[in-house]
Amino acid sequence: MCQAEHEDAAACPQDGCAAVCGNGVKEGSEACDDGNQDDTDACLGTCQAASCGDGLVRAGVEDCDDANSENTDDCLNTCKAASCGDGFVRAGVEQCDDG
C-alpha cells in the first residue's frame, strides 16, 4: 500500500492510498489537515475540526472547554467562563444569578 506523503496527494485518494494526518493535505475522511499537532488552532492534531465541547481550548475563540454540557461549573457549555450575570447559578459559588 502506498503512503500519501510519498506520492501526488491529488491522485492518492483515487488510487486507494491511505490518508496521512499531519501532512498538510486534506485527504480521505479528514475534516482538515493543517500539517501540525497544535490542538489550540482550528484543526486538531487528529485532523478533526476543533469545536466547543471537544475538551481542548481553542486559542482566541474559547475561554475554556471542559467537554461537558453542565452550566453550573466553571465553564459553560458555550465554552465561555462562568461569571456572575450569565444566567446560571454556579454550584458552591453563587446563590442566585438573574442573568
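Among contacts in the chain between residues at least 6 apart in sequence, what share joins residues at least 24 apart? The share is 5%, where contact means heavy atoms within 4.5 Å. The model behind this value is predicted, with local features needing pLDDT of at least 70, side-chain atom pairs counting only at pLDDT 80 or more, and totals for chains, interfaces and linings using all residues. Residues are numbered from 1 along each chain as its sequence is written, and side-chain values use heavy atoms, with hydrogens and water left out.

The chain has zero helices and zero strands; in DSSP terms, helices are H or I runs of at least four residues and strands are E runs of at least two, numbered from the N terminus. Of its 99 residues, 25% count as buried. Buried here means under 20% relative accessible area, exposed means over 50%, and partly exposed lies in between (1.4 Å probe, protein chains only).

Next come the cysteines. A search of the whole structure turns up four disulfides, a disulfide being a pair of cysteine sulfur atoms within 2.5 Å. One of them links Cys21 to Cys47, with the sulfur atoms 2.1 Å apart. Its S-S torsion is about 100 degrees, so this disulfide is right-handed. What about the surroundings of its two ends? Cys21 is partly exposed at a relative accessible area of 34%, whereas Cys47 is buried at 2%. Cys47 also has a phi near 65 degrees, a positive value in a residue other than glycine.

Another of the disulfides joins Cys32 to Cys43, with an S to S distance of 2.1 Å. The torsion about that bond is about 95 degrees, so the link is right-handed. Cys32 is buried, with a relative accessible area of 15%, and Cys43 is buried too, at 5%. A further disulfide pairs Cys64 with Cys75, and the sulfur atoms sit 2.1 Å apart. Here the torsion is about 95 degrees, so the disulfide is right-handed. Cys64 counts as buried at 15% relative accessibility, and Cys75 is buried with 4%.

Cys96 is in no disulfide, and its nearest cysteine sulfur is that of Cys84, 7.7 Å away. Cys84 counts as exposed at 70% relative accessibility, and Cys96 is exposed with a relative accessible area of 52%.

Two glutamates are worth a look as well. Glu94 is buried yet has no salt bridge, a salt bridge being a side-chain nitrogen of Lys or Arg within 4 Å of a carboxyl oxygen of Asp or Glu. The nearest side chain of opposite charge belongs to Arg90, 5.7 Å away; for charge, Lys and Arg count as positive and Asp and Glu as negative, while His and the chain ends are not counted. The side chain of Glu94 does reach the backbone nitrogen of Arg90, at 3.0 Å. Leaving aside neighbours within four places in sequence, Glu94 is in contact with Ser83, Cys84, Gly85, Phe88 and Val89.

The other glutamate, Glu27, counts as buried at 3% relative accessibility. Its side chain makes a polar contact of 3.3 Å with the side chain of Asn23. A polar contact is a pair of N or O atoms within 3.5 Å; within protein, one must be able to donate a hydrogen and the other to accept it, and residues adjacent in sequence count only if both atoms are side-chain atoms. Between Glu27 and Cys47 there are 20 residues in sequence and 9.6 Å in space, C-alpha to C-alpha.

Ala42 is partly exposed, with a relative accessible area of 41%. Not counting residues up to four places away in sequence, Ala42 touches Gln48, Ala49, Ala50 and Arg58. Ala42 and Cys32 are ten residues apart in sequence, and their C-alpha atoms are 8.7 Å apart in space. Ala67 has a positive phi of about 60 degrees although it is not a glycine, and at 45% relative accessibility Ala67 counts as partly exposed.
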